[in-house]
Amino acid sequence: YRLSKGFPQPLQQDLQQAIRRYTEHAINVDWPMMADRLHLMTRHSAAAQDPLGALNMWALISGFTPSDSRQSLLMEKSFDELQMVSEDHALRFMYGNEDFPSVVWLVIYAGLVITIGFSYFFGLDAFPSQALMCGIFSSLLGLTILAILELAHPYQGSVVVSDGPFRFAIVRMDEMDKVAFSGADDTQFATLTDPAQLQ
């Protein structure tokens, strides 16, 4: 969004609108869909392509012809940022739809049985003490499996990846626009400057 401030109109406005649409789509559509794992599976391929988001930004940048070296640098940096945005978008849906391999669960449950069985080698004379020890072992292993289940799906359950950074990004965009509307030069937000000034 900062880089877009360095592009001429109408590309600047079109790109900013596309970025806002992408961010709002991530908050209002992507996150609820990833939270609903059943829904995510049925729409995985369509959502991963996201024709209303990243592809629109790619089309805008690709269709622009730079008129000087400064705009060429802006385009190059924008392509780098778009590449990261596209990769992160695809990874979110991949991780949201991913399951642990069955061999991992086999190892976990085998380890559970072995650990509980191992506790019987430390036999105690009093049955209540023996039962208490086995119960503690079982509870600890059960909590570990519960934690694994919660962390295995980062967008579902009680422990999830938040959409907070996207909401923060919208706040930052609004702040940048307020500064621009107050009369400041829009190009101050572009992180790239004229190459001649860097020498």
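Is the crossing of helix 6 and helix 7 left-handed or right-handed? It is right-handed, where right-handed means that the near helix is turned clockwise from the far one by less than a right angle, and left-handed that it is turned anticlockwise. The model behind this answer is predicted, so local features need pLDDT of at least 70 and side-chain atom pairs count only at pLDDT 80 or more, while totals for chains, interfaces and linings use all residues. Residues are numbered from 1 along each chain as its sequence is written, and side-chain values use heavy atoms, with hydrogens and water left out.

The chain as a whole comes before its parts. It holds 8 helices and 0 strands, and along the sequence the pattern reads α-α-α-α-α-α-α-α. Helices (H or I, at least four residues) and strands (E, at least two) are DSSP runs, numbered from the N terminus. Of the 199 residues, 31% count as buried; buried means under 20% relative accessible area, exposed over 50%, and partly exposed in between, with a 1.4 Å probe and protein chains only. The chain exposes about 12,200 Å², and carbon and sulfur atoms supply 65% of that area. Accessible areas come from the Shrake-Rupley method with a 1.4 Å probe. Among contacts with a separation of 6 or more, 74% are between residues 24 or more positions apart; contact means heavy atoms within 4.5 Å.

Two packed helices are described by the angle between their axes and the distance between the axes. Axes are lines fitted to C-alpha atoms, for helices over the stretch in contact, and angles run from 0 to 180 degrees between N-to-C directions. Helix 6 (residues 102-119) and helix 7 (residues 127-152) pack at about 165°, with their axes 9 Å apart. The two are therefore roughly antiparallel, a label for angles over 145 degrees, whereas angles under 35 count as roughly parallel, 65 to 115 as roughly perpendicular and the rest as oblique. On the helix 6 side the contact includes Trp105, Ile108, Tyr109 and Leu112, and on the helix 7 side Phe137, Leu141, Ile145 and Ile148 are among the residues involved. The contact residues divide into 12 nonpolar, 4 polar and no charged. Here Ala, Val, Leu, Ile, Met, Phe, Trp, Tyr, Cys and Pro count as nonpolar, Asp, Glu, Lys and Arg as charged, and the others, Gly among them, as polar.

Leaving aside neighbours within four places in sequence, Leu112 is in contact with Leu141 and Ile145. Leu112 and Leu141 are 29 residues apart in sequence and 6.5 Å apart in space, C-alpha to C-alpha.

The other pair is helix 1 (residues 11-35) and helix 5 (residues 69-96), whose axes come within 11 Å and cross at roughly 15°. These helices are therefore roughly parallel, and their crossing is left-handed. Tyr22, Asp30, Trp31, Met33 and Met34 of helix 1 meet Val85, His89, Arg92 and Phe93 of helix 5. By class, the residues of this contact are 6 nonpolar, 1 polar and 2 charged.

Gln16 is in helix 1 and is buried, because its relative accessible area is 11%. Apart from neighbours within four places in sequence, Gln16 is in contact with Tyr1, Ser4, Lys5 and Asp177. Gln71 lies in helix 5 and counts as buried at 10% relative accessibility. With neighbours within four places again left aside, Gln71 is in contact with Phe7, Pro8, Phe64, Thr65 and Pro66.
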